[in-house]
Amino acid sequence: MKFLDLAKVYIRSGAGGNGCISFRREKYIEYGGPDGGDGGGGGDVWAEAVDGLNTLIDFRYQQHFFAGNGIPGKGQQRTGKDGDDIVLKVPVGTEILDEDEETVLADLTELGQRVLLAKGGNGGFGNLHFKTSTNQAPRRANPGQPGVDRTIWLRLKLIADAGLLGMPNAGKSTFLAATSNARPKIADYPFTTLHPNLGVVGVDGAEFVVADIPGLIAGAHEGRGIGDRFLGHVERCAVLLHLIDGTSETVVEDYETIIGELEAYGGHLADKPRITALNKIDALDDDERAERKAELEAAVGGPVLMMSGVSREGVTEVLRAVRAQITEDRLRLKSTSEEPETWRP
């Protein structure tokens, strides 16, 4: 299945049905009064977060979603049928943006959460509503209200517990493949990963979800490389695992490049808890390991873990550190959690 995390869609709610102008016409009733029914209401457009989806690829092949129009009223005081609603089924973690691609209309972060995107038009009144003591035979009825046309953007931000960060070819996909059942593409060249991957990782009987995003380069927040539009996928993570290629001659510069991109991206991404790990240590001797770990710890200002996704050396310690941070974040959220509210425009 192809991955798509941004889609533009056009929606329109249904128009209300017109009211009916009608009079009773029955045998032996000489002056039948008005009996025109009301029009039915137009259908609404909803979005709902559903299970089993992790991409917006369906919206590449269908961009227009129109709810049903209300049926006009009929004689004998018969009200028209309401138009059918239409529901956009999206993955959990989808943001709904206005046409400007900046204004967030809703954020569907929980399974089953629904949001009303466009309200259908009301049905018009039939002439029965306009009967008065001085106007016994009104010949007027209301038209139905028109539907709402609007353009929206759907932006998917994967919901994962931990996010992998690093320069291209830092070993992120190898780490994910070694610790989970995910099978990302792995090769010895930069930008092997072209779209985010999710994997369920387990350690000490506990499981959590890890997201691997394409590698970042300097200037990624301005659109350079391919990783800039994927930074949003790690915004929801509890912890960031920053992998640094231990075989690089510029480990400190590589570290500072990624941190600079996080800060330039904005939001709270740079403030998230981070675990720094020196990867590919299986290719280093003891002196090189000690030298590069010392350089990196001086730049980080804290401890640096050592690991190898290929030989699995140190992987368990890294996973335990990630799990501990996730547990701490879940406890914090549990103590401050509130019931989600359904948003309406």
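1. A negative surface patch stands out for comment. Glu253, Glu256, Asp285, Asp286, Asp287, Glu291 and Glu295 form this patch. Please keep in mind that the model is predicted.

2. Where do the patch residues come from? H4 gives the largest share of the negative patch, with 4 residues. Aspartate 285 sits in a loop, the one between strand S13 (274–279) and H4.

3. Two arginines are placed over aromatic rings. Arginine 12 lies over the face of phenylalanine 66, at 4.0 Å from the ring centre. Arginine 114 has its charged end over the ring of tryptophan 46, and the distance to the centre of that ring is 4.6 Å.

4. How many aromatic pairs does the structure hold? The count is 1.

5. Check the backbone at glutamine 77. Its phi is positive, near 60 degrees, and the residue is not a glycine. Glutamine 77 belongs to the loop between strand S3 (64–66) and strand S4 (86–91).

Note on methods: Residues numbered from 1 in each chain as written. Predicted model: local features only at pLDDT ≥ 70, side-chain atom pairs only at ≥ 80, totals over all residues. Heavy atoms only, no water. Phe/Tyr/Trp six-rings, centres within 6.5 Å; stacked < 30°, edge-to-face > 60°. Lys NZ or Arg CZ within 6 Å of the ring centre and 35° of its normal. Patch = residues over 30% accessible without salt bridge, like charges linked within 9 Å, V, L, I, M, F, W, Y side chains within 5 Å. Areas by Shrake-Rupley, 256 points an atom, 1.4 Å probe, with all protein chains shown as cover. Salt bridge = Lys/Arg side-chain N within 4 Å of Asp/Glu carboxyl O. Lys, Arg positive; Asp, Glu negative; His and termini not counted. Charge placed at Lys NZ, Arg CZ, Asp CG, Glu CD. Helix = DSSP H or I, 4+ residues; strand = E, 2+ residues; numbered from the N terminus.
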